[in-house]
Amino acid sequence: MIEGPIAPAGDDETRRLIREALDSTMMVEAGAGTGKTRALVERVVWLVMADRRIERIAAITFTEKAAAELKDRVRFGLETAPSEYEAKRDLLEEALASLDRAQISTIHSFGQALLRAFAPEAGIDPSFTVVDEVAAERRFRERWRVYLESLASDESAGRVVDRAMGLGMTPADFEDLAKDLAEKAELAPFFTNNALRP
């Protein structure tokens with residue numbers, strides 16, 4: 001197991017460590033164009049040759065474009081593994097056949113796959129969809145408008161709002177609080193149980 005940062009070494013030695021230190025967890029930090037993707041592809045190929053199933057390997061990136069490119073490069077790496085590894089050809093071909101089941105994806109796709117796989121344990125519908133930011137804002141604004149209209153006839157809510165505004169809260173503060181609570185629903189009971197009393 002490699003502990004701490006890898007001391008600067010020749011580029012070849014660093015690449016060898018990334019490729020071959022398969023029982024080590026490491027972080028590779030380098031600038032653009034330095035070969036990080038190539039090193040990651042080589043590590044995946046070496047993991048496969050060490051009899052690690054491709055669907056048990058996760059390679060996570062930030063954009064769909066980068067994930068698609070990474071998967072293509074892994075495919076190419078598995079197809080063109082050097083001939084000296086011919087004894088591992090069965091493992092490489094099995095990985096190629098299973099490549100579509102590999103978690104070579106964005107962090108969002110990886111998270112969705114985990115949530116779907118453990119939906120009952122997480123208490124969510126496995127057929128959930130991810131709402132984009134614009135649609136989420138639109139849905140929030142509609143729910144907020146309906147909620148405010150429902151408060152119009154609630155005298156106790158009116159007193160609480162008056163008291164909060166007397167303490168310096170603005171309508172924008174109420175909306176910000178509502179957004180925060182919508183994102184962190186687990187906090188709502190705290191506020192409900194400790195509501196301001198007129």
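Reader: Which side chain does Glu-13 meet in a salt bridge, and at what N to O distance?

Author: A salt bridge needs a side-chain nitrogen of Lys or Arg within 4 Å of a carboxyl oxygen of Asp or Glu. Glu-13 meets the side chain of Arg-16 in one, at 2.8 Å, N to O. This is a predicted model, in which local features need pLDDT of at least 70, side-chain atom pairs count only at pLDDT 80 or more, and totals for chains, interfaces and linings use all residues. Residues are numbered from 1 along each chain as its sequence is written, and side-chain values use heavy atoms, with hydrogens and water left out.

Reader: In which helix do Glu-13 and Arg-16 lie, and how many residues apart are they?

Author: Helices (H or I, at least four residues) and strands (E, at least two) are DSSP runs numbered from the N terminus. Glu-13 and Arg-16 both lie in helix H1, residues 11-20. They are three residues apart, about one turn of the helix.

Reader: What does Arg-16 do with Glu-20?

Author: Their side chains meet in a salt bridge at 3.4 Å, N to O. The two are four residues apart in helix H1, so about one helical turn separates them. Glu-20 is partly exposed, at 32% relative accessibility.

Reader: Which residues are linked with Glu-13 in a network of salt bridges?

Author: Arg-16, Arg-19, Glu-20, Arg-38 and Glu-42 are linked with Glu-13 in the network. By the salt-bridge rule, the count comes to 17.

Reader: Which residue forms a salt bridge with Arg-141?

Author: Glu-175 does, with the closest N and O atoms 2.6 Å apart. Arg-141 lies in helix H7 and Glu-175 in helix H9 (residues 171-183), so this pair ties together parts that are 34 residues apart in sequence. Arg-141 is partly exposed, with a relative accessible area of 42%. Glu-175 is buried, at 16%.

Reader: What else lies in helix H7?

Author: Val-146 lies there, in the run of residues 133-151. Val-146 is partly exposed, at 42% relative accessible area.

Reader: How do the axes of helices H2 and H3 cross?

Author: Axes are lines fitted to C-alpha atoms, for helices over the stretch in contact, and angles run from 0 to 180 degrees between N-to-C directions. H2 (residues 36-49) and H3 come within 9 Å and cross at roughly 50°. Angles under 35 degrees count as roughly parallel, over 145 as roughly antiparallel, 65 to 115 as roughly perpendicular, and the rest as oblique. H2 and H3 are therefore oblique to each other.

Reader: Where is Asp-51, and what is its phi?

Author: Most residues other than glycine have a negative phi. Asp-51 has a positive phi of about 70°, although it is not a glycine. Asp-51 is found in the loop between H2 and S1. It counts as exposed, at 55% relative accessibility.

Reader: Where does Phe-62 lie, and is it buried or exposed?

Author: Phe-62 lies in the loop between strand S1 (58-61) and helix H3 (64-79). It is exposed, with a relative accessible area of 74%.

Reader: Where does Ser-109 lie, and how far is its C-alpha atom from that of Ile-60?

Author: Ser-109 lies in helix H5, residues 107-117. Ser-109 is partly exposed, at 27% relative accessibility.

Reader: Is Ser-105 buried or exposed?

Author: Ser-105 is buried, with a relative accessible area of 9%. It lies in strand S2, residues 103-106. Ser-105 and Ala-39 are 66 residues apart along the chain, and 17 Å separates their C-alpha atoms.

Methods: Buried means under 20% relative accessible area, exposed over 50%, partly exposed in between (1.4 Å probe, protein chains only).
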